[in-house]
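Work through these exercises with the structure open beside you. Try each task before you read its solution.

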Amino acid sequence: MTTQAIVLRTAGTNCEHETALALERAGAKAQLLHLHKLEAEPARLDSASILVLPGGFSYGDDIAAGRVLGHELRTFLGTQLSAFVERGGFVLGVCNGFQALVDTGLLEGPGKGGPARSIALSANESGHYECRWVTLRNEPSKCTWLEPGMLWPVPVAHGEGRLVFKDDATLARLKASGQVALRYVTADGGSASYPELPNGSTDAIARRLVEAAAR
Amino acid sequence: MGSNAARELASRHLPRAWRIEVFRRDGLDDPDGKRAHAAARELGLARLRSLRHGRGYLLSPELERAKVEEIARALLVDPVLETVRITAPATAPATSAGRARVLVARRPGVMDPVAQTIERAIERSKVAKLPDGSRVRVLTFSAWELEGELAQQDLVLVASKILANDVIDEVRIGDEAVHFVLPGSVSVRDAGAIPLCKASDAELERISKDGHLSLTLVEMRAIRDHYVTAGREPTVAELETLAQTWSEHCKHKTFAGIIDYDGERIDNLLKTTIKAATLELAKPWCVSVFHDNAGVIEFDEGWHVCFKVETHNHPSAIDPYGGSGTGVGGVIRDILGVGLGAKPIANTDAFFVGPLDLAEKDLPKGCMHPRRILRGVVAGVRDYGNRMGIPTVNGGVWVDPRYVGNPLVFCGTVGLMPANCAAKEVKPGDIIVVAGGRTGRDGIHGATFSSAELHEDSVVVSSSAVQIGNALTEKRVLAALLEARDRGLYRAVTDCGAGGLSSAVGEMGAECGASVELEKVPLKYPGLSPAEIWISEAQERMVFAVPPEKLAALLAVFEAEDCDATAIGTFTATGKLELAYAGQSIGSLDMHFLHEGTPKWLRKATRPVVRTDDPATPACADANAALLALLKSPNIASKEWIVRQYDHEVQAMGVTKPMCGERDDGPGDGAVLQPLPHSRKGIALGCGANPNYGLLDPWAMASAAIDEALRNAVAVGGDPDRTAILDNFSWGNCARPEQLGRLVEASRACYTTAKAFGTPFISGKDSLNNEFRVGDEVIAIPPTLFVSALALVPDVARAVTMDLKTAGNPVYFVGRTHAELGGSHYFAQRNVEGGRVPRPDLALAPRTLRALHQTIRSGCVRACHDLSEGGLAVAAAETAFAGERGLELDLAQVPAGTWAKHHDSDAVKLFSESCTRFLVEVDAAHAAEFERSFAGLDCARVGSVTAGKRLVIKSGAKTLVDQPLDALRAAHQGGFQG
C-alpha cells in the first residue's frame with residue numbers, strides 16, 4: 001500500500017509544492033491540506049502515516065516565526081496530533097514547519113507546548129535572515145528516516161533558526177532521548193562555525209530536526 | 001510650556017489600552033538593539049552605552065486582566081527568550097530608572113500587519129472577545145530603551161535617523177502617550193461639483209495644484225471643454241478619476257506624445273522605437289506584448305512565461321522599507337493580473353543609490369542618508385519577497401552621488417502560466433469583484449505623486465502616498481487566485497495599482513462600461529469619503545470580472561483562503577463609468593473621453609551633446625594595486641550581504657545560484673531556473689545598466705545596457721535567439737529639452753540594438769521626473785536605462801557558472817577589446833573625464849553570442865564570465881577566486897582593435913569595458929571544437945587554469961598582475977558593506 005502523506009498548509013506556507021513533489025518522488029502519496037480543512041475534519045489524519053509541516057512564513061511570521069501556527073495547532077489539533085504521534089505517525093517539520101512544531105510541544109512531551117516549553121528558536125546570531133547552502137550530518141537518533149553518519153548538502157533560508165535551550169538539562173534530556181537528529185558540520189564533516197553554522201544554534205544542532213517521539 | 005506641564009499633559013494622553021511590552025531576557029543578545037546601536041555609532045553617538053528593543057502591543061481596554069495575561073503568555077511572549085511587562089489602560093508602565101525611552105508607533109491608519117494577525121488569532125482561538133472592527137482593537141509599537149549620558153537632542157537624533165521614519169511613524173520621547181486611535185481626517189473632499197466650466201487658466205492650474213492632480217493646463221482645459229459641452233460641472237470623483245487615468249504614471253504621456261526633436265517631429269516615441277522593434281521582429285513566440293500587465297512569451301509545451309519590471313522610485317526615497325516592499329508587492333500583482341493570472345516564480349531587484357560613505361554634512365536637506373535608504377530597500381524587498389515564497393534571483397546595485405536625493409528602485413517578477421491563460425475578456429453583465437486587502441486612506445494620490453518632482457518638502461506633503469504592504473494578504477490572494485483561475489471562475493482580472501479601483505475598473509470596463517457601488521468596498525476603518533475609496537491605492541487588491549453564475553463559487557474559494565472578496569458592481573454596456581455611494585450617484589464618466597480624451601503632449605527636445613573627445617588612457621604603474629582598488633569599489637565589490645538576505649531557493653527551481661563557486665562567493669552573471677520539474681527546459685535572467693555612460697553618450701549607454709543584459713543571460717546558458725528584453729527608463733525631468741533629447745537617443749538605440757540582436761522588447765516602464773530640488777538647485781539623476789533579459793535555456797543540465805573548474809583547462813577570450821574607457825571604472829579611478837563609451841559592434845555581437853551559446857549548449861564550456869565593470873582584470877579575478885583555482889593570462893593574446901598611441905595598451909586590455917566580451921574556460925578535450933565554433937569571430941586562447949592559487953596576468957614577458965586569490969577575494973568582499 002502506498003504511504004499516505006499530508007502536507008499541511010495555511011496562509012503564508014511557501015514550500016508545500018516542492019515538499020509534496022519530494023514526497024511523491026520518494027514514493028509516498030502526498031496530499032496538500034489546508035489547516036482549516038484539517039480542523040474541520042481531523043479524522044483525515046487517520047488515513048495518513050506522515051504529516052509534514054513545510055517551510056514558509058506561516059501568518060507572515062508575525063510576532064515570531066511559526067508562533068501563530070504553533071498556537072493554532074495547539075489550540076485546534078493538540079490532542080489529535082498527540083494521538084497521531086502516539087500511534088506511530090511520523091511528523092516532519094521543515095524550516096517554518098519546525099518552528100511551529102517547537103511551539104506545539106511535540107518535541108518535549110504532553111503539556112510542554114507554548115508557554116511551558118524549554119526550547120526556543122531565536123533570531124540568528126548574524127541578526128538577519130540568511131539563505132545559503134550548508135552541510136548536515138545525520139546523528140544517531142530515534143529518527144528512523146536518517147541513516148546515521150551521512151553528510152548531505154542542504155539549502156537553509158531562515159531568520160530565526162538559532163536553537164536555544166532554557167537550561168543545560170533540556171539539551172541533555174533531548175540528547176539522552178535520541179532527539180538530536182541533525183547537526184551542522186563543515187563540508188568534510190568537521191565542527192562548524194559561521195557561516196557553515198548559519199544561525200549560531202547551541203551545539204550546532206540543526207533546526208531541521210525530525211520529530212520522532214514515537215520511534 | 002514647561003517640561004512638567006508637558007509631562008502632565010502627556011499623562012492625560014496615556015493610551016486607553018492594555019500595554020504589553022516584551023523584551024529579551026537579560027544575558028541574551030538583542031539583535032534589533034545591536035543593529036540600532038551600531039547605526040548610532042555610525043552617527044558618532046559614542047555616549048550611547050546600550051540600546052535595547054521591546055516589542056509593544058496595545059490591546060482593547062475592555063479585556064479583563066486575566067485574558068490579557070493569557071494572550072501574552074500563549075501568543076506574544078517566548079518563555080525561553082523573553083520577559084514581559086503588562087500595564088493597565090491609562091497608566092504609565094513601571095520603567096527602570098536611568099533608561100531613556102523612545103516609543104515608535106505607526107501613524108494612525110498606516111498598515112500594521114502584526115496587529116491584524118493578532119486580532120485574527122485571538123478571534124479564531126476564542127481566547128477573548130474583541131470589540132467589532134469599527135473601533136481600534138490591537139496596535140503594535142516599538143519601545144526602545146537607551147542608556148548613556150544622553151541629551152534630549154541625542155534621543156531626537158537617534159529617533160529620527162535610526163528608529164523611526166517620520167513619514168509613517170509617530171515618535172514619543174520622554175512620555176508614554178503612544179496613540180490608540182483610528183485615523184481621522186478626510187484628505188479628499190466628499191462628492192460634490194467642482195466649478196470648472198467658467199474657470200480661467202489660472203484657476204484651472206490652481207485646482208490641479210491644490211488637489212494634487214498633477215494635470216497640466218492643456219489637460220485641465222480639455223476637461224473643462226468636455227464639461228462645457230456636457231453642460232454641467234465635474235464631480236470630485238470624476239476629476240480624480242481623470243487625474244489618475246491621465247497621470248504620466250498610467251498614460252506615459254511623454255513617450256506617447258509628440259516630440260519636436262530639433263525640428264524633426266516624432267509622434268509617439270515608444271511606438272516608433274521600442275514597440276517598432278518588437279513589431280518588426282515579429283517573433284512567433286511573443287504571445288502578449290505591451291498591452292497587458294506584463295509581457296508573455298512561449299516557454300515549453302503548454303506553458304508560457306511572463307516578465308514585468310516596475311520602478312518604485314519616489315515612494316522608496318521617502319520610505320525605503322515600505323516603498324521597496326510595495327514595489328515588490330505591486331509587480332507581483334502585475335504577474336497575478338496578466339492574462340488570467342500567472343504563478344510568480346522569481347523576483348529581480350536593482351537599486352541605484354548615493355555613496356554609502358557620504359558625509360552627513362553633504363547630505364542635502366530633506367534627504368535620507370544613502371546607507372539608510374539601501375538598508376531600508378533591501379529589508380523591504382527581503383521581507384516582502386521572502387514572505388511571498390518567491391525566490392529573488394537576480395539584480396544589482398549601482399552607486400553614484402547623483403542618486404542621493406532620488407534613489408531608484410526596480411522590482412521585477414517572472415511568472416509561469418498555462419498556455420491557455422494568456423488572454424482575457426470582460427463581458428457586460430459580469431460582476432465586478434474586489435479581492436484581497438481592505439481599502440483605507442493609505443496611498444492616496446500615488447499615481448500623481450510619482451509623476452511629480454521630489455523636493456525637500458516631499459516628505460511632508462506626500463506622506464499619504466506612501467504605505468506599508470502586507471505580504472501575507474497578497475499570499476492569500478495568490479493562493480485563491482490560482483485556484484479560481486484553474487477552475488475557470490472568472491473571465492478577466494487586473495491588479496489595483498496606481499489609481500486604485502479607479503484605474504483598475506476603468507481599464508477593465510474601457511470597452512463596455514461599468515457601474516460601481518462604492519459603499520460595498522470593504523474598508524479598513526470607517527470614515528472614508530467615496531472619492532477616497534475610489535482612488536485609494538491601498539495594497540494587495542485585485543479586481544475580477546466574474547460571470548454571475550460563478551460568483552458564489554469564486555467567493556467560496558477566497559473565503560477558504562481567509563481572504564476578503566466582495567462584489568462591488570457590474571460591467572455594463574453603457575460605455576460609461578458610473579459611480580454611486582449608498583444609492584446616490586457621485587459621478588458618471590464617458591469611457592471614451594476617459595481613455596482617449598487625453599490631449600497629446602507636445603514637447604521640445606534637443607540633440608544631446610555627445611562627448612567625442614578622446615582623452616589618453618594612462619598607463620598603470622601598479623596593476624596589482626589598481627585591480628585591488630577596483631575590486632573594492634562599491635559598484636564592483638561583492639553584494640553578498642544583500643544576496644544572502646533574499647531567499648533564492650524557495651520553489652526549488654534554482655539551477656545556478658546568485659553566488660557561485662567553491663565558497664559561494666563569486667558573483668554569478670545570470671540566474672537559471674527550471675520552472676517545470678518534468679522538463680529540462682529552463683529560463684535565464686540577466687540585467688544590465690550603466691549610469692556612468694548616460695550623460696556622455698545616451699545612445700551608447702542604452703545599447704551597452706542591452707548588450708550587458710544579454711551577456712548575462714547567454715553566459716549562463718540562455719539562447720540569444722529565444723531572448724526577450726524589458727526596458728525601464730528612469731530619467732530626469734523630460735520637460736527639459738536636453739533631457740528629452742537623451743531619451744530620444746536612448747530609445748533609438750533600443751530600436752537599433754534590439755533589431756540587431758533579434759531580441760524583442762515585451763514590456764517596459766518609464767519614470768521620467770527623477771530630480772531633486774534643494775532651494776534653487778536641481779540635481780537630476782544620470783539618464784538610467786535598466787534592461788532585463790529573459791532567455792530560454794534549452795537544457796538546464798548544460799547551464800554554466802562563472803567560477804573556474806579544473807586546472808589545466810584552456811581559457812579563451814571571446815570578443816574584442818577597444819579603447820573604450822569613457823565612463824569606465826579605470827577612468828574614474830584615474831580622474832579622467834569623458835572618453836569613448838563602449839558600444840556593441842552590432843554586426844558582430846549577435847554572431848558572437850550565438851556562437852558562444854552553441855558551445856555552451858554542446859557542453860564545451862566549463863565556466864563563463866562576462867566582462868563588464870572593471871574589464872578583463874576584474875572578471876579574471878572574480879572567476880579565479882570563485883573557483884578557488886589559479887589563472888594565468890597573457891594580454892598579448894587578447895583580440896584587440898586598433899587605437900591611437902596615447903592609449904596605454906596594457907591598461908586598455910586590462911580595464912576597458914568594451915561590450916560583448918567573455919572569459920571562457922573550455923574543457924581541454926573540446927578545445928578544437930570550441931575554436932571551430934568561433935571561426936571568423938574574435939576568440940583567442942589567452943591562458944590556462946592553474947593549480948597555484950594566484951592570478952597572474954602578463955603582457956608578453958612582463959608580469960602586470962600577480963596576486964594570491966585570498967587577497968582578491970578579501971578586496972571584493974570588503975568593499976561594500978551595508
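This is a predicted model: local features need pLDDT of at least 70, side-chain atom pairs count only at pLDDT 80 or more; totals for chains, interfaces and linings use all residues.

Residues are numbered from 1 along each chain as its sequence is written, while chains are lettered from A and ligands numbered from 1 in the order in which they are written.

**Exercise 1. A helix and its cover**

Solution. 
- Helices (H or I, at least four residues) and strands (E, at least two) are DSSP runs, numbered from the N terminus.
- Next, look for burial. A residue is buried if 20 or more other C-beta atoms lie within 10 Å of its own, exposed if 12 or fewer, and partly exposed in between, with C-beta atoms placed from the backbone.
- Buried residues in α4(B) include V114(B), I118(B) and I122(B).
- Their cover includes α3 (67-86) of chain A, and β2 (48-59), α3 (65-76) and β5 (138-148) of chain B.
- After the helix comes K126(B), with a positive phi near 55°.

**Exercise 2. Where two chains meet**

Task: Find which helix gives the most to the side of chain B that touches chain A.

Solution. 
- Two residues are in contact if their C-beta atoms, placed from the backbone, lie within 7 Å.
- By this rule, 39 residues of chain B are in contact with 38 residues of chain A.
- Helices α2 (31-42), α3, α4, α15 (370-388) and α18 (471-486) of chain B each supply at least two residues of that side of chain B.
- α4(B) gives the most, with six residues.
- Now sort that side of chain B: 18 residues are nonpolar, seven polar and 14 charged.
- Here Ala, Val, Leu, Ile, Met, Phe, Trp, Tyr, Cys and Pro count as nonpolar, Asp, Glu, Lys and Arg as charged, and the others, Gly among them, as polar.

**Exercise 3. Two helix pairs**

Task: Describe how α30 packs with α33, and α8 with α19, in chain B.

Solution. 
- Axes are lines fitted to C-alpha atoms, for helices over the stretch in contact, and angles run from 0 to 180 degrees between N-to-C directions.
- Helices α30(B) (residues 871-883) and α33(B) (residues 965-974) pack at about 110°, with axes 9 Å apart.
- That makes α30(B) roughly perpendicular to α33(B).
- Angles under 35 degrees count as roughly parallel, over 145 as roughly antiparallel, 65 to 115 as roughly perpendicular and the rest as oblique.
- The contact of α30(B) with α33(B) has five nonpolar residues, one polar and two charged.
- Helix α8(B) (residues 236-245) packs with α19(B) at about 75°, with axes 9 Å apart.
- α8(B) is therefore roughly perpendicular to α19(B).
- This contact has no nonpolar residues, six polar and one charged.
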